[in-house]
Amino acid sequence: MSKNIVLKKGLDIPISGSPSLDVSKSMVPATVAVCPDGIRGLLPRLLVKEGDRVLCGSPVIADKKNPDIILTAPASGVVKEVVRGEKRKLLAVLIQTDAQQECVRFDTTDVKSALLSSGLWTMLTQRPYGILADPSVTPKGIFVSAFHSAPLAADLEFTLGNELGALQKGIDALATLAPVHVSLDGSLRESAFARLQGCTLHCFEGKHPAGNVGVQISHISPIGKGQIVWTLSLNGLAAIGRLFLSGCVNLRRKVAVGGPAALQPSYVETLPGTPMKEFAPFYGNSADEVRIISGDVLSGVSVGLNGYLGRDDDQITIIHEGYDKELLGWIRPFRFNQFSADRSYFSWLLPCKRYDMDTNLHGGPRPFLMNENYYSKVLPMDIYPVFLAKACLAGDIEKMEKFGIYEVLPEDLATCEFVDPSKIYIQDIIAKGIDLMLKEMA
Amino acid sequence: MNKIFEKGGKLYWLHSTVDAFETFLHVPGTVTLKGSHVRDAIDLKRLLILVVIAAAPAALFGMWNVGYQHGLAMGQTGVHILEYFWFGFLKVLPLYLVSYIVGLGIEFASSQIRGEEVSEGYLVSGFFIPLIVPVDIPLWMLALAVAFAVIFGKEVFGGTGMNIWNPALLTRAFLFFSYPNYMSGSDCWIAFKKGETAVADAFTGATPLTLDGPAQYGTGFWDLFIGTVPGSVGETSVIAILLGACLLLWTGIASWKIMCGSIAGALLVGWIGNIAGITDIPFYMQLLYGGFAFGTVFMATDPVTSCQTETGKWIYGVLIGMLCITVRLFNPGYAEGMMLAILLMNTFAPLIDHCVTSVHISRRFKKLNAA
């Protein structure tokens, strides 16, 4: 195993409500949703209609451009409803689950066709741009991060540490497509995943976003123009491993439910696509005053009470909405209940304190004012975040290329957005830049 | 906010102004819409008020010094802290009123025209402007210069954060080139009441920079370090400026690289001047004269107009220090080089950044191709 790669830049956000390491509930939800929304590059075509019976692993949605790529049902049952938004945009397919779960059996002799037909191909994300992986290309590597560094994220040693068999099987399968790289948490004395074989192990140590696969790739094998890599979450890897062990799709995962507004934060074992209403015990009667996020507080999606657990997420964060006005907030010398990474507040005096953060913006939107260094000190990548963001704002393709748009996804710059005193939506700017690149490069 | 100030309301044209006062009183209850759901408690108001606090010692000392210099010119002796301070306070207060009323007035109006929130940038510029002008400058000149700097130095580029030159220095440059009689020489640095003239024998009101060497006139190291010499209101006291520098460096608002670079550059050229026999002033004394300290700590480090990149900050700082002393050594007609050095380097900061990022990009490409 290689030496620890120590990342000095970054920021751990001390938010309260970290989940206790126990599974408080294990469920098959009454309904599950298959959501094509949020998968960059997928043009969904519906393959089922209301009333159809589906098995776990049956195709539900296909990609219009490449019909081989499909999304499958995570549980068996009956299609209850097709939810559409404006202009009949397909938002979700709701499946009423059976008491008895039945699975489609897949032939796993050919790795690629097994992944495609089981729908697990969509677990792979292709960089640059974070799009659906293209089955016709061979990437220079498949990268998996075996630890999360995001605030309140699931402890993967706890959730998947006992599934080494499935993970190993997954690596063996994927290694037939491209070399697999797994990044371990270097701060642990012994990671359970250090025993994985058939892949290159890397150790990363540092603050968030050290656990982001994009940051890791930029230190292992940065993505240049014309190069392609695939990434995969550890949960996705485990699901692929289970497919090759049993021939069935099994997407069950332990989900960390936490956040300052979460009641008794802990883990829940469930399926992706679980409606947020199933997590009612965690927010109680305060559903109107909280924001329910599928993912972490920095780059998760606010799905609301009627939303679903994201396809790739193993974390739900519940935080209070910050509509309160704070009298003379900015001018008070001490604001011990607010966290700031800046020295002009005094959070640095209380390194162990955890803060009840809410969604308040803490200021008004302004143009970029602070120097590059103010942002790059929380970004452990060899890029200039402000120059990149400004290139995206200007829509200057050439500059975006030069400043490293191939290497980043919005989530990688989340810490920059967090510390920004100008309150700019940097992740949104990067996302729009990536959309522009996709359009121009198509 | 009251409905009449919202879009479609009768007083919508006051929207930005009301919003500015409202957000001054409390942190607004707006929530994040996308991206990062939680945000750092820091905002620009907090950062910029810290710059004002950092400049406060220089301002307070400057006010006392205005009174002290007047006392010297009147032949008084002694320190008279409160009496001198009060004299200086009454002299400087009108400068502040003009600076803020004119500058913020334009800022509020242009924010309203653009439909944006009022930015806090002028809070700092407006605090600096009275500190870098002679205390007896006519108020209408100051008003004109402020209007020029805010409109043509800042608003035409899109407001705070978009400007190329430091607005406070642009104000000073406007005054310097338009009304040189009021900005240099030996008469402008002392505040006089109506009808007064200097009575003390052998008193000179020139700043030490315009004189031939320091020893001759009793402006030794400690006078300059403490700041009991004539000069622009806030620039004289190096020790008060150093107090501010400590706060700026601790909070990280100002770049230590720019400050150190500027000092190194000044020392280098000052030393060359010494060994080449161009000047008798010891090279380390250059750091104490004129606006060098104030410019290095408060003006050169302005994050908007300085270099963005860390390497660039070194280059930018060193060049400011070198240019400042070069102007001093080779241009006896205009002894104060700091303003021009900073404005010139403001102009070239994007070019320096361009060169630094180009080197970075080509290094990255080499790395990518090797990988």
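Before you click, note that the model is predicted: local features need pLDDT of at least 70 and side-chain atom pairs count only at pLDDT 80 or more, while totals for chains, interfaces and linings use all residues. Residues are numbered from 1 along each chain as its sequence is written, and chains are lettered from A and ligands numbered from 1 in the order in which they are written.

**Stop 1: chain A as a whole**

Select chain A and switch to cartoon. You have 11 helices and 21 strands on screen (DSSP runs numbered from the N terminus: helices are H or I with at least four residues, strands are E with at least two). The radius of gyration of chain A is 21 Å, close to the 22 Å from the globule rule for 442 residues, so chain A is as compact as a globular protein of that length (the radius is taken over C-alpha atoms, and the rule is 2.2 Å times the number of residues to the power 0.38). Its C-alpha trace spans about 65 × 50 × 50 Å along the principal axes. Buried residues account for 55% of the 442; buried means 20 or more other C-beta atoms within 10 Å of the residue's own, exposed 12 or fewer, and partly exposed in between, with C-beta atoms placed from the backbone.

**Stop 2: colour by domain**

Colour domain 1 (4–18 + 112–246), domain 2 (29–100), domain 3 (253–333) and domain 4 (372–441) of chain A; these bounds come from an automatic or database domain assignment. The centres of domain 1 and domain 2 of chain A, taken over C-alpha atoms, are 26 Å apart. Where they touch, 10 residues of domain 1 of chain A are in contact with 12 residues of domain 2 of chain A (contact means C-beta atoms, placed from the backbone, within 7 Å). On the domain 1 side, helix 1 (111–118) and strand 11 (131–132) of chain A each give two or more residues.

**Stop 3: strand 20 and its partners**

Next, select residues 315–320 of chain A, which form strand 20; five of its six residues are buried. Strand 16 (residues 253–258) of chain A runs parallel to strand 20 of chain A, joined by three bridges, and Ala256(A) has Gln315(A) as its bridge partner. Strand 18 (residues 290–294) of chain A runs antiparallel to strand 20 of chain A, with five bridges; here Arg291(A) partners Ile319(A). Strands count as paired if DSSP finds at least two bridges between them.

**Stop 4: Pro272(A)**

Zoom to the loop between strand 17 (266–270) and helix 6 (280–283) of chain A, where you will find Pro272(A). Is Pro272(A) buried or exposed? It is buried, with 23 other C-beta atoms within 10 Å. Beyond four places in sequence, its contacts include Pro74(A), Leu251(A) and Asp313(A).

**Stop 5: where chain B meets chain A**

Now show chain B. For a close-up, select strand 21 (residues 326–327) of chain A, which pairs with strand 1 of chain B in the antiparallel sense over two bridges. There, Leu327(A) stands opposite His26(B).

Key:
Contact = placed C-beta atoms within 7 Å.
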